[in-house]
Amino acid sequence: MSETINLTLRVWRQKGPRTQGSLETYKAIDISTDMSFLEMLDVVNEELTVDGKEPIAFDHDCREGICGMCGVVVNGRSHGPEKGTTLCQLHMRHFSDGDTIFIEPWRSKAFPVIKDLAVDRGAFDTLIQAGGFVSVNAGGAQDANCLPVPQEDAEKAMDAAACIGCGACVASCPNASAMLFVGAKVSQLALLPQGKPEAAQRALSMVRTMDELGFGNCTNERECEAECPKEISISNIARLNREYFKAGLFSSVM
Ligand code: SF4
Ligand code: FES
């Protein structure tokens with residue numbers, strides 16, 4: 001049965017990329033436990049707007065756990081306390097009446113704050129561009145059986161393709177490493193025959209670009225895997241390392 005709860009929010013407010021931010025306190029009153037975290041923020045924003053105050057800026061789009069746009073740090077956890085859950089799919093039933101909730105943006109040099117809780121994740125777009133294209137025509141649905149793919153590889157590729165590019169892995173990592181994201185993107189193609197022709201170029205270029213963009217290195221902390229809302233496995237980081245090593249050894253593209 002739906003209940004209502006009252007909360008105290010400590011929210012990071014920052015007017016722009018170059019201004020200093022601080023935590024501000026707001027009350028969230030009569031919040032239905034059926035609401036999502038973003039709907040709770042909508043309620044707070046409605047009240048701020050009615051009072052003539054600036055609403056809290058935060059990113060979102062699909063609100064269905066698909067697009068990767070949402071994401072903030074809730075009480076020190078990327079996307080909040082529930083495992084395998086995006087912020088838009090996090091329900092207020094996971095909080096208790098009277099709770100104080102700390103809400104902060106992703107913190108990483110490569111993801112500068114635009115405003116309040118919204119950060120610039122353009123570095124991920126640059127990484128995807130660095131990955132380049134796939135030259136093998138995948139064909140239509142009726143062509144699917146022409147290129148046999150072992151079931152196990154197909155499953156692993158699909159698991160890697162579940163990455164929605166939210167950036168929680170970077171925000172959770174003490175090194176602000178993008179290895180889980182890049183590992184997922186490299187893996188989803190390296191595992192399939194269609195991804196093989198450009199596999200070496202892709203691994204080399206994405207790793208080089210990752211370093212240039214200021215992301216840190218992986219030191220096996222595994223915070224990325226623990227906080228990833230799509231539960232992307234760090235075995236994809238091991239595959240990225242193998243692909244990069246192979247490309248360096250056997251490829252003419254350096
Ligand atoms: S690996 Fe997980 S945490 Fe990182 S961008 Fe992809 S979905 Fe988000
Ligand atoms: S708003 Fe699209 S994943 Fe959360």
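**Close-up views of a predicted model**

**Figure 1. Surroundings of ligand 1.** Ligand 1 is surrounded by 13 residues, the closest being Cys163, Cys166, Gly167, Cys169 and Cys228. The model shown here and in the following views is predicted. The largest cavity is the space that ligand 1 takes up. Two helices, α4 (168–172) and α5 (179–190), each contribute at least two residues to the shell around the ligand. Sorted by class, this shell consists of 11 nonpolar and 2 polar residues, with no charged residues.

Figure 2. Across the whole structure, the search finds 5 aromatic pairs.

Figure 3. Because Phe124 is in helix α2 and Phe181 in helix α5, the pair ties together parts of the chain that lie 57 residues apart in sequence. Phe181 is buried, as is Phe124. Through ring pairs, Phe111, Phe124, Phe181 and Phe215 are linked into a cluster. Helix α5, which holds Phe181, is also one of the elements that supply at least two residues of the shell around ligand 1.

**Figure 4. Buried salt bridge of Arg13 and Asp116.** Side chains of opposite charge can pair when their charged atoms come close. In this structure the count of salt bridges is 11. One of them joins the side chains of Arg13 and Asp116, with an N to O distance of 3.1 Å. Arg13 is part of strand β1 (residues 4–13), while Asp116 is in the loop between β6 (113–115) and β7 (118–119); the pair therefore ties together parts that are 103 residues apart in sequence. Arg13 and Asp116 are both buried.

**Figure 5. Salt bridge of Glu227 and Arg77.** The side chains of Glu227 and Arg77 meet at 2.8 Å, N to O. This pair links distant parts of the chain, with Glu227 in helix α7 (residues 223–227) and Arg77 in strand β4 (residues 77–78), 150 residues apart. Glu227 has a relative accessibility of 10% and therefore counts as buried, the limit for this class being under 20%. Arg77, at 33% relative accessibility, counts as partly exposed.

**Figure 6. Salt bridge of Glu152 and Lys156 within helix α3.** The side chains of Glu152 and Lys156 form a salt bridge with an N to O distance of 3.1 Å. Both residues lie in helix α3 (residues 151–161), where they are 4 residues apart, about one turn of the helix. Glu152 has a relative accessible area of 53% and is therefore exposed, as the class requires over 50%. Lys156 has a relative accessible area of 34% and is partly exposed.

Terms used
Residues numbered from 1 in each chain as written. Chains lettered and ligands numbered in written order. Predicted model: local features only at pLDDT ≥ 70, side-chain atom pairs only at ≥ 80, totals over all residues. Heavy atoms only, no water. Salt bridge = Lys/Arg side-chain N within 4 Å of Asp/Glu carboxyl O. Buried < 20%, exposed > 50% of the residue type's maximum accessible area, 1.4 Å probe, protein only. Near = heavy atom within 4 Å. 1 Å grid on protein atoms, 1.4 Å probe; cavity = no way out; pocket = protein on both sides within 12 Å on 5 of 7 lines; lining within 4 Å. Sits in = over half its atoms within 2 Å of the grid points. Nonpolar A, V, L, I, M, F, W, Y, C, P; charged D, E, K, R; others polar. Phe/Tyr/Trp six-rings, centres within 6.5 Å; stacked < 30°, edge-to-face > 60°.
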